[in-house]
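Morning, everyone. Please have the sequence and the model open side by side. I will go element by element.

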Amino acid sequence: MPLQLLTIAFLLTLGLMVAVRWWLASRQLAAVRAHRGVVPAEFAASVPRTDHERAADYSAARLELGRLELLFEAVLLLLVTVGGGIAVLDAWVAQFKLGDPWHGVVTLVLLALLMSAAGLPFAIYSTFRIEARFGFNRTTPGLFVVDLLRSLGVAVVLGVPLLAVLLWLMAATGDAWWLYAWGVWVVFGLLVSFAWPRFIAPLFNRFHPLEPGALRAAVERIMTRCGFATDGVFVMDGSRRSSHGNAYFTGVGRHKRIVLFDTLLERLEPPEVEAVLAHELGHFRLHHIRQRLVLSFGAALLGFALLGVAARAPGFYAALGVPVRSTHAALALFALVVPVFLFPLSPLASWWSRRHEYQADRFAVAHSDGAALASALVKLYRDNATTLTPDPLYSAWHDSHPPALARIAALGKGA
Ligand SMILES: [Zn+2]
């Protein structure tokens, strides 16, 4: 591809992405503020006005920070690519004469570190200003630092060997390297999803099996009814960091676990927990989790094939600000630039995810109590300060879950 064409396409798409996201966030801000004073009629009995106003203020604070972060990330991306940041870093690492693949590994690790460090002020402001102001934050500065170091440790332990293998394959296995690289990627992904609940998640939280009692009986009932075998149901001390409540599934094959946040159990009655679990089991029984995994491996295959072509085109490097061609520069540019070109697909991904949410809700209604699911959702909207009045376009573009009104209405109709 002629050099300038790729540069221009990249700059135009990035500009368009920032403009669209800024515009959508502004629409969302306006919608949240316009409805701040009045609780929607459907929620008037269950959500007090003060909670509704708090949700509006919380959403607005996060949207405003999100808009700033959007601009900041676009500028950072320009600086490291066409601005020459990767080239400068690459030349600096070259003086240490590390040889392959370590020169590439060190350059990529430093690039990732510098970019994460640049974004740190946003994480700090979000945790200690916004989350704290609305009473959600329970992370102390000490825990924040320890978390940061632990995440860094995990990223190095997992990332360095992966990068070393990928860079070695790119250099040593000829034109079909991308196919081997994809194989490594898939195996690595499966290994991590196996190791995550056992070895990595326990570095950050404590997990203990759900204690015997009414709740455990309800959980076992719903799992039997849905024909679900698992490694166990665990309660996680989410309250160490935040008062937001949640539940999730983890692991693969026979080693699946259900994790309930302690903050969720504090608020929901056993029938509500049962209904929330039925929804999560629905995702599994309807093969949503498998579909997502297959899609992500398929997308990775396409990505590696494309990278195989891009890495051989000399114009690719120069057009994106890297004069010296190398395997690690190809990897870095690809990882940074491709998401920009994929941004028009995000409404499609959101739509697919919302479809799965409706399907899991229908599954929950069929296997548990729809009214209990509705009351659990309303409690979660209220306590997590989720806006009940999103802008339709913003929601269609970004939201992985259906808007509150539509979701509860669907449950009322038997989902
Ligand atoms: Zn769901």
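We are looking at a predicted model, where local features need pLDDT of at least 70, side-chain atom pairs count only at pLDDT 80 or more, and totals for chains, interfaces and linings use all residues. Residues are numbered from 1 along each chain as its sequence is written, and side-chain values use heavy atoms, with hydrogens and water left out.

Now step back into α7 itself. Helices here are DSSP runs of H or I with at least four residues, strands are runs of E with at least two, and both are numbered from the N terminus. Helix α7 covers residues 214–225, which is 12 residues.

Which residues of α7 are buried? Leu215, Ala218, Val219, Ile222 and Met223 are. They sit on the same side of α7, because they cover an arc of only 130° around the axis. That arc is taken from the directions from the helix axis to the C-beta atoms. Buried means under 20% relative accessible area, exposed means over 50%, and partly exposed is in between, with a 1.4 Å probe and protein chains only. Here is the general rule: an α-helix has 3.6 residues a turn, so residues three or four places apart point the same way. On the face of α7 turned away from the buried side, you find exposed Ala214 and Thr224.

What do the buried residues of α7 pack against? Their partners are β2 (232–236), β4 (257–261), α8 (262–267), α9 (270–285) and α13 (346–367). Contact means heavy atoms within 4.5 Å.

Stay with α9 for a moment. Glu274 lies in this helix. Is Glu274 buried or exposed? Buried, with a relative accessible area of 9%. Its side chain makes a polar contact of 3.1 Å with the side chain of Arg221. A polar contact is a pair of N or O atoms within 3.5 Å; within protein, one must be able to donate a hydrogen and the other to accept it, and residues adjacent in sequence count only if both atoms are side-chain atoms. Beyond its neighbours within four places in sequence, Glu274 also touches residues including Ala218 and Ile222.

Next, the sheet. It is open, has 4 strands in the order β1-β2-β4-β3, and its pairing is mixed. The edge strands, β1 (207–209) and β3 (247–250), each pair on one side only. Two strands pair if DSSP finds at least two bridges between them.

Look at β2. It is largely enclosed by the rest of the structure, because 5 of its 5 residues are buried. Gly232, Phe234 and Met236 point one way, while Val233 and Val235 point the other way. β2 runs antiparallel to β1, with 3 bridges, and parallel to β4, with 5 bridges. Across these pairings, His208 stands opposite Val235, and Phe234 has Val259 in β4 as its bridge partner.

Last stop: Asp383, in helix α14 (residues 370–383). Asp383 counts as buried, at 17% relative accessible area. Its side chain is joined to that of Arg267 by a polar contact of 3.3 Å.

Conventions: Expected span 1.5 Å × (residues − 1).
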